Amino acid sequence: MSGPPGERILVTGASGQIGTDLVSELRKVHGRENVVASDIREPDHESPISDGPFTLLSVLDGDSMESTIHDEGIGTIYHLAAILSATGEAKPELCHRVNVGGTVCVLEAARDFELKVYAPSSIAVFGPDAPKIAPQKTPLNPTTMYGKTKVTGEILAMNYWKQYGVDVRGIRYPGLISWKAPAGGGTTDYAVDIFRAAIEHGHYECFVREDTRLPMMYMDDAIRGTISLMDAPSENLGSSRAGYNIGGMSFTAGELVDAISRRIPDFTCDFVPDIRQSYADSWPDDVDDSVAREDWGWKPKFGLEEMVDEMINRLREAQSS
Ligand code: NAD
Ligand code: AKB
């Protein structure tokens, strides 16, 4: 099956943390009917993505993916379906099957239908040997299965671009912080879960040590970065097109607790590290995003203080509505 691309957009893994925000933003830009959300689980009734087209679709089912692309007139795929780090370490075979197998399915369909693809990577591509401020180019030796699948995803994307001319782009997202949907089984989930716990219970048990520092980003910046990378002229994108470092903020879990406590004075937090500590310890403190700034004009808007204000205000508004 092949043919000229349609104009509509397909989002895989759309019911997850990023999809919940990205689908809404894409529908604002391209029109509600032109963005088809898909996942193996239906979105919640209150989810913002339930206001437009949705189809149940596994990224491991190549035939269904190709018929969806054909029938729905798809020209671009935002491929978000994946198993994140904490779930991935517990279920490494599933993580490899979904993250690598799903990406191959999407890239094969893109090759057949001449589609444009967004396939995100992660700061998990870096291993303990990377500099603490991770450069764009450095040996990638992750110790987690999730990180290995993300390195493979970047390699596959570059191969499809070089061998078949498939226009694939990606960002190595830091830990993403948002309020519309819960985080989906990653190591950086504490920086999301802590806000709801602070507001609802005044207390949080944090699964990494107080001095754990990681690169993080507020979701609005991540969505703006994603759309601006996809809008960038292809000729501006160099050899990092499958996995650009983008920086937002970098803080320790203790600094996050302090920032929340300045707004919710009774808030308390216990630090009780579990296995996820070792995944966090294998990742960098921050990233050097100078290549993304140079190639397509990346610049973050949210720092720690702005992000904490937004998270608390938005969650309180959502609670009272
Ligand atoms: P998430 O776990 O919240 O959502 C992933 C979605 O994929 C889920 O809704 C799940 O149901 C779906 N899914 C799982 N298996 C599937 C399959 N076989 N077919 C179709 N759908 C399937 O993840 P997210 O946070 O939205 O992440 C999206 C992408 O961004 C992933 O590639 C992830 O690695 C990457 N990323 C996320 C973060 C972050 O902090 N959220 C950071 C770095 C990279
Ligand atoms: C995770 O913690 O697994 C994700 C990521 C940084 O890729 N949030």
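A polar contact is a pair of N or O atoms within 3.5 Å, where within protein one atom must be able to donate a hydrogen and the other to accept it, and residues adjacent in sequence count only if both atoms are side-chain atoms. By that definition, an oxygen atom of ligand 1 stands 2.9 Å from a polar backbone atom of Ile-18. This is a predicted model, in which local features need pLDDT of at least 70 and side-chain atom pairs count only at pLDDT 80 or more, while totals for chains, interfaces and linings use all residues. Residues are numbered from 1 along each chain as its sequence is written, chains are lettered from A and ligands numbered from 1 in the order in which they are written, and side-chain values use heavy atoms, with hydrogens and water left out.

**The two ligands**

- Ligand 1 has 27 residues around it, of which Gln-17, Ile-18, Asp-39, Tyr-146 and Lys-150 come nearest; a residue counts as near a molecule or strand if one of its heavy atoms lies within 4 Å of it.
- Side chains also reach ligand 1, with an N or O atom of Asp-39 at 2.7 Å from an oxygen atom of the ligand and an N or O atom of Tyr-146 at 2.6 Å from an oxygen atom of the ligand.
- Around ligand 2 are Leu-84, Ser-85, Ser-122, Ile-123, Tyr-146, Gly-186, Thr-187, Thr-188 and Trp-283.
- An oxygen atom of ligand 2 lies 2.5 Å from a polar side-chain atom of Ser-85, and an oxygen atom of ligand 2 lies 2.7 Å from a polar backbone atom of Thr-187.
- A nitrogen atom of ligand 2 is 2.8 Å from a polar side-chain atom of Thr-188.

**Helix α6 with helix α8**

- Helix α6 (residues 190-201) packs with helix α8 (residues 253-263) at an angle of about 25°, their axes being 11 Å apart; axes are lines fitted to C-alpha atoms, for helices over the stretch in contact, and angles run from 0 to 180 degrees between N-to-C directions.
- The helices α6 and α8 are therefore roughly parallel to each other, given that angles under 35 degrees count as roughly parallel, over 145 as roughly antiparallel, 65 to 115 as roughly perpendicular and the rest as oblique.
- Tyr-190, Ala-191, Ile-194, Phe-195 and Ala-198 of α6 make the contact with Ala-253, Leu-256, Val-257 and Ile-260 of α8, contact meaning heavy atoms within 4.5 Å.
- The contact of α6 with α8 consists of nine nonpolar residues, with no polar and no charged ones; Ala, Val, Leu, Ile, Met, Phe, Trp, Tyr, Cys and Pro count as nonpolar, Asp, Glu, Lys and Arg as charged, and the others, Gly among them, as polar.

**Helix α6 with helix α11**

- With helix α11 (residues 304-320), α6 packs at an angle of about 55°, and the axes are 10 Å apart, which makes α6 oblique to α11.
- Residues of α6 that meet α11 include Phe-195 and Arg-196, and among their partners in α11 are Met-307 and Met-311.
- By class, the contact of α6 with α11 has seven nonpolar residues, one polar and three charged.

**Helix α4 with helix α5**

- The axes of helix α4 (residues 92-113) and helix α5 (residues 145-164) come within 9 Å and cross at roughly 15°, which makes α4 roughly parallel to α5.

Definitions and conventions
Helices (H or I, at least four residues) and strands (E, at least two) are DSSP runs, numbered from the N terminus.
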